[in-house]
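This report examines a protein together with its ligand. Please consult the sequence and the structure below while reading.

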Amino acid sequence: MALVTMKEMLLAARREKRAVGAFNIANYETARAVLMAAEREKQPVIIQLYMRLFDSEKAYDLAGMLIRLANRASVPVAIHLDHGNTIKQVKDALAWGYTSVMYDGSRLPFEENVKNTAFCVQYAHSFGASVEGEIGHVAQGDETAITEVSEAVEFASATKVDALAVSIGTAHGYYTSEPKLDIERCKAIAEALPELPLVLHGGSGTPLADVRKVIENGVAKVNIATEFMDTYLKSSRSELEKLNGKFLPIDKYFDPIVDECAAHAARLMRFFAGM
Ligand code: G3H
Ligand code: ZN
């Protein structure tokens, strides 16, 4: 039985100055690739789904598969709603068996973010699930709002979140110029919240030397979506070109694509674990 909440794996990671990889998946092949990598590297892992998948049957249908995969995995696996932005998404995720949720109120006024996140924490804890909140805002094609140390402390104490996403210079998606991470700010937040695992969003393309520094300074979860999904797309394109119009059953078609995605995830897992 390897399906666990995010909280238990992240507390240990933060204490040991390592991070757990959280990979966004959207189908069987990407989920299988992440689990293959985690088992191969003997690492705990978080499989997460973007909130938009919770607005259709997709996240519900995938939950059945993810719970089966996680339960037979040899490593701890948490399944997580990423960037939930409505209470309904949070409630649905918990009802469908996700063991962890993010409520992202980072675009809301502080008080409203606190109120909604605190509700989600209380609600999720009654399911035995864990909650990630966000203070400051990691750009998603919009403006970044850097996390202030004092607001992080106030937010964490008022909401009782199990993990806290902070904005320290990363952004979602590929970068057009190299990001500059505010390591000192990360360190100050971590020192002010010595027990709370911090979360780095926008992991794709973030210089690994900086990722290492923030892992040494409180970050215990690193989110990776764009570059992992891009490996899936590029590998799919290249396998299709190899076929050159010939037929291949699609399970066989996907095998090398899953292998390539697993190799990508495994490389990052090793790095996050400090191996
Ligand atoms: O929530 C997911 C992420 O923060 C991933 O960001 O697409 O830049 O890797 P990314
Ligand atoms: Zn994110």
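**The ligand and its surroundings**

Around ligand 1 there are 15 residues, and those that come nearest are Asp82, Gly202, Ser204, Ala225 and Thr226. The model discussed here is predicted.

| Residue | Part of the residue | Distance to an oxygen atom of ligand 1 |
|---|---|---|
| His83 | polar side-chain atom | 3.1 Å |
| Ala225 | polar backbone atom | 2.9 Å |
| Thr226 | N or O atom in the side chain | 2.5 Å |

On its own, ligand 1 has 300 Å² of accessible area, and the protein covers 100% of this area.

**His172 and its contacts**

Which residues does His172 touch, not counting residues up to four places away in sequence? They are His83, Val138, Ala139, Gln140, His201 and Gly202. One of these, His83, also has a polar side-chain atom 3.1 Å from an oxygen atom of ligand 1, and Gly202 is among the residues that come nearest to that ligand.

His172 itself is located in the loop that runs between β6 (163–166) and α7 (183–192). Its side chain has a polar atom 2.9 Å from the backbone oxygen of Ala139. The side chain of His172 also reaches the backbone oxygen of Val138, at 3.5 Å. Between His172 and Gly141 there is a separation of 31 residues in sequence, while their C-alpha atoms are 7.3 Å apart in space.

**The nonpolar cores**

The largest nonpolar core contains 81 residues, of which Leu49, Leu66, Tyr98 and Leu164 touch the most other members. Helix α10 (residues 250–272) supplies the largest share of this core, namely eleven residues. Another core, of 14 residues, lies apart from it and includes Val4, Ala78, Ala163 and Ala165.

Leu66 illustrates the contacts of one residue in detail. Not counting residues up to four places away in sequence, Leu66 touches Ile25, Ala31, Ile47, Leu49, Ile79 and Tyr98.

**Two residues with positive phi**

Most residues other than glycine have a negative phi. Lys160, although not a glycine, has a positive phi of about 65°. Lys160 is found in the loop between α6 (149–159) and β6. Asn244 likewise is a residue other than glycine with a positive phi, in this case near 50°. Asn244 has its place in the loop between α9 (226–243) and α10.

Are these residues buried or exposed? Lys160 counts as exposed because its relative accessibility is 55%, and Asn244 counts as exposed because its relative accessibility is 67%; the cut-off for exposed is over 50%.

Definitions and conventions
Residues numbered from 1 in each chain as written. Chains lettered and ligands numbered in written order. Predicted model: local features only at pLDDT ≥ 70, side-chain atom pairs only at ≥ 80, totals over all residues. Heavy atoms only, no water. Helix = DSSP H or I, 4+ residues; strand = E, 2+ residues; numbered from the N terminus. Contact = heavy atoms within 4.5 Å. Polar contact = N/O pair within 3.5 Å; in protein donor to acceptor, adjacent residues only side chain to side chain. Core = buried A, V, L, I, M, F, W, Y, C linked by side-chain atoms within 4.5 Å. Buried < 20%, exposed > 50% of the residue type's maximum accessible area, 1.4 Å probe, protein only. Near = heavy atom within 4 Å. Areas by Shrake-Rupley, 256 points an atom, 1.4 Å probe, with all protein chains shown as cover.
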